[in-house]
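Please look at the protein chain shown below and follow its elements from one end to the other. The report then moves from the overall order of the elements to the way they are put together.

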Amino acid sequence: MDTSTGKRKDRGVERVLIEADAVQTRIRELAAELDAIYQTETPLLIGVLTGAVTFMSDLMRAMDAELKIDFMAVSSYGDEVTSSGAVRILKDLNENIEGRHVLIVEDIVDSGLTLQYLLDVLQRRNPADIKVVALLRKLKPDAIAVQADLVGFDIPDEFVIGYGLDYAGRYRNLPYIGVLDPSEIELTKSKTAILSDTPPLQD
Ligand code: PRP
């Protein structure tokens, strides 16, 4: 905790972009909008693993509408800071979505490739309709224009972590959205290089 500002600051975090309280306030607003949309239907919330678990968990508890949930895992990043562009399904849905009202719950829309891929895949399964709620959307000129019905925050094109978002699998448990300290990227790269140079242990 940085006591001079009263703001929490963790190692590897260059600065706090969105405070935890602001995240929760915005989620309550999004939940109210979704309750208004789903007054007569029971939506199936589809959380996109792994980053969206925190958002999904808080969003569904802030909603009053009757709803069901499912999860899908896709991968596009690995440990890299920029998107590779390749998307693949790691875990498919348990539920059949034909005729259902689907709400995709994403933590972040960056290049837009993951969301576009998900929309294409799910649309082919003939749901009644698909809506998208994303907590964060990066403002970047080269992002593809993709459907995002509700967006929590439009953010600058920086590497963000926390509240479910990771860098190399870490920082997901931070309660706020932070900007990754660039020196952390160099540190991780050098650690990875050291590990890959280390000969395997002998029995
Ligand atoms: C992140 C994030 C989105 C996607 C957005 O997932 O959760 O699903 O990237 O990026 P895009 O718009 O450039 O496609 P990631 O593949 O890093 O997996 P994770 O959720 O397990 O961290």
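This is a predicted model: local features need pLDDT of at least 70, side-chain atom pairs count only at pLDDT 80 or more; totals for chains, interfaces and linings use all residues.

## Order of the elements

Read from the N terminus on, the elements of the protein chain follow the order β-α-β-α-β-β-β-α-β-β-β-β-α, which comes to four helices and nine strands.

The protein chain has 203 residues, and 28% of them count as buried.

## The six-stranded sheet

Six of the strands form an open sheet, in which the order is β4-β3-β2-β5-β6-β7 and the pairing is mixed. At the edges stand β4 (88-91) and β7 (150-155), each of which pairs on one side only. If direction is ignored, neighbouring strands of this sheet are turned by 30° against each other on average.

Within this sheet, β2 and β5 are joined by four bridges and pair in the parallel sense, and here G47 stands opposite V105 in β5. Helix α2, which spans residues 53-62, packs on the sheet and touches β2, β3, β5 and β6, while its direction makes about 155° with that of β2.

## The buried side of helix α3

Which residues of helix α3 are buried? In this helix, made up of residues 113-123, the buried ones are T114, L115 and L118. Because they cover an arc of only 95° around the axis, they lie on the same side of α3.

What, then, covers the buried residues of α3? The cover includes four strands of the sheet described above, namely β2 (44-49), β3 (68-75), β5 (101-109) and β6 (129-138).

Another set of pairings involves strand β9, which covers residues 177-180 and pairs with strand β1, residues 13-18, in the antiparallel sense over four bridges. In this pairing, I18 stands opposite I177 in β9.

Strand β8, formed by residues 160-161, is also joined to β9, in this case by two bridges, and these two strands run antiparallel. Here I161 is the residue that stands opposite G178 in β9.

Methods: Residues are numbered from 1 along each chain as its sequence is written. A residue is buried if 20 or more other C-beta atoms lie within 10 Å of its own, exposed if 12 or fewer, and partly exposed in between; C-beta atoms are placed from the backbone. The arc is that of the directions from the helix axis to the C-beta atoms. Two residues are in contact if their C-beta atoms, placed from the backbone, lie within 7 Å. Two strands pair if DSSP finds at least two bridges between them. Axes are lines fitted to C-alpha atoms, for helices over the stretch in contact, and angles run from 0 to 180 degrees between N-to-C directions.
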